[in-house]
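This report walks through one structure, part by part. Keep the sequence and the 3D view at hand while reading.

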Amino acid sequence: MSNLDASADPETLLDHHTVAWSAVRRSRYWMYQRFQYRYPGKIRELRQRLMIIPQERYGDQRVCDFELGVSIPNASTIIQEDPFGNRIFLIYAPEASAEVTFEMRLIVERDLDTPEQPRLRPVDVAPFNNPTPLTNPDETLQTVAQRMAAAYADPEQLCDALSTWVFGAMRYGSGATTVSTIAAEALKIGQGLCQDYAHIMLALCHAASIPARYVSGHMLGEGGSHAWVEALVELPEGGYKVVALDPTNQRRTTPAYITVATGRDYHDVSPTSGSYIAPYLGELTTSKRAGLTHIEYTGH
C-alpha cells in the first residue's frame, strides 16, 4: 500500500513533544508494530488471535488504512468482531517454521471537530457494570472508593480523584506483576505496569458504582502498548458519557492516545494470544514505532 509506505518515511514524522494537545483539532498517525515468535523447531496447528488494529471508527478516531503481514505462506486469516465491537484477526496454519512474524502498519486519524458522539444507552453500559476476577475490589479498595465517593458528589470529579489516588498508590516498574495479577494484589505490591493501574482504577470505579471499561491502545512516546480506563458517567438528563482517564500518568487522555480495543479487563483485549502443538515453548519479542504525520490546530 503506497500510502502506508510513504507515511513510514522517518522524515515525515513530526515531533509530538512540541504539540499543544489542548488546541489540536485534527491529527494523523502512522504506526508499525512487529510480533516475532521463535521456537526450537517446527510447530503444528498454530491458532493465533491478534487484536492490534482498531475498528473502523471509535469516537473521533478513524482508521484510514492498515496492512497485516503474516510470515507463514499457507496461513489463513479470518476477521471477526467481538461482543464489544473490537476487530479480531484469527490466523490458522497447519504447520509453521521455527520463526513466525506478524507485522502491522496502520494509519489513524483523530478529528476533534467530529460532532459529539451519541450518549451511551444502558444496554451499551451493562457489560461494564460489574467487576471481573481481575478487577474485583477487596475490602481496602471498597473502603477507598466509598470514602472518595462521599467526598466528591460530582461523578467526573470523583473519577479524576480516583485516578489521582491510583497514581499516588503505585510505583511504575516491571517485574513485580504479570497480566494475570489481580487489582487487589497489585495494590498490595505497590508496583506495576499500566495494566495494573487500569485494573485498580476499574476496581475503584465498580466499588463506587461507576461503570467503567479497560482500554488497550497506544500513547505517543511509549515503547509498547498502553492501557487506560474509560469511566461511563451517567448524565442527569439520561444516558452515559465517556470520561477517559490514564491513572498511570495521572491525567485525562489527549489526542496523543490511539484506542485499539475496549473490554472488561486485559484478558478481553490482549494484543496477541493463541495456541500450537509442539513439545516446547516459544519466545516472543515485540517492537513498535509510531509517530505523527499531520497536525491541525483550532482556528487553522
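The model is predicted, so only local features with pLDDT of at least 70 are described.

Inside this sheet, S1 pairs with strand S7 (residues 99-111). The pairing is antiparallel and runs over 13 bridges.

## The four-stranded sheet

Another open sheet has 4 strands, again with antiparallel pairing. Its order is S5-S6-S2-S15. Strand S5 (76-81) and strand S15 (272-277) stand at the edges. Each has a single partner strand, so one side of each is left without a neighbour in the sheet. On average, neighbouring strands of this sheet are turned by 15° against each other, direction ignored.

S5 and strand S6 (residues 87-96) pair over 6 bridges, in the antiparallel sense. Gln80 has Ile88 as its bridge partner in S6. Ile78 has Leu90 as its bridge partner in S6. The two strands form a hairpin with 5 residues between them. In this hairpin, Gly85 takes a positive phi near 90°.

## Helix H3

Helix H3 covers residues 139-151. Its length can be checked. At 1.5 Å a residue, the 13 residues should span 18 Å. The end C-alpha atoms are 18 Å apart, which agrees. At the start of H3, Asp138 sends a side-chain oxygen to within 3.2 Å of the backbone nitrogen of Thr140.

Which residues of H3 are buried? They are Leu141, Val144, Ala145 and Met148. Seen down the helix axis, the buried residues fall within an arc of 95°, so they line one face of H3. The general rule behind such a pattern is simple. An α-helix has 3.6 residues a turn, so residues three or four places apart point the same way. Glu139, Gln146 and Ala150 are exposed on the other side of H3. The buried residues of H3 pack against three helices: H4 (155-169), H5 (183-189) and H6 (194-207).

## Helix H4

The same length check works for H4. Its 15 residues should span 21 Å at 1.5 Å a residue. The end C-alpha atoms of H4 are 21 Å apart, which agrees. Asp154 caps the N-terminal end of H4. A side-chain oxygen of Asp154 lies 3.1 Å from the backbone nitrogen of Glu156.

The buried residues of H4 are Leu158, Cys159, Ala161, Leu162, Ser163 and Val166. What covers them? The cover includes both helices and strands: H3, H6, strand S11 (226-234) and strand S12 (240-246).

Beyond its neighbours within four places in sequence, Ala161 is in contact with Met148 and Tyr152. Met148 is itself one of the buried residues of H3. Ala161 and Ala149 are 12 residues apart in sequence. In space, C-alpha to C-alpha, Ala161 and Ala149 are 9.3 Å apart.

Where is His16 found? It is in the loop between helix H1 (2-7) and strand S1 (24-38). Is His16 buried or exposed? At 19% relative accessibility, His16 counts as buried, because the cut-off for buried is under 20%. Not counting residues up to four places away in sequence, His16 touches Trp21, Leu220, Gly221 and Leu292.

Ser216 is found in strand S10 (residues 212-219). With a relative accessible area of 8%, Ser216 is buried. Which residues is Ser216 in contact with, leaving aside its neighbours within four places in sequence? The contacts are His226, Thr259, Val260, Ala261 and Val269.

Technical notes
Residues are numbered from 1 along each chain as its sequence is written. This is a predicted model: local features need pLDDT of at least 70, side-chain atom pairs count only at pLDDT 80 or more; totals for chains, interfaces and linings use all residues. Side-chain values use heavy atoms; hydrogens and water are left out. Two strands pair if DSSP finds at least two bridges between them. Axes are lines fitted to C-alpha atoms, for helices over the stretch in contact, and angles run from 0 to 180 degrees between N-to-C directions. The expected span of a helix is 1.5 Å times one less than its number of residues. Buried means under 20% relative accessible area, exposed over 50%, partly exposed in between (1.4 Å probe, protein chains only). The arc is that of the directions from the helix axis to the C-beta atoms. Contact means heavy atoms within 4.5 Å. A polar contact is a pair of N or O atoms within 3.5 Å; within protein, one must be able to donate a hydrogen and the other to accept it, and residues adjacent in sequence count only if both atoms are side-chain atoms.
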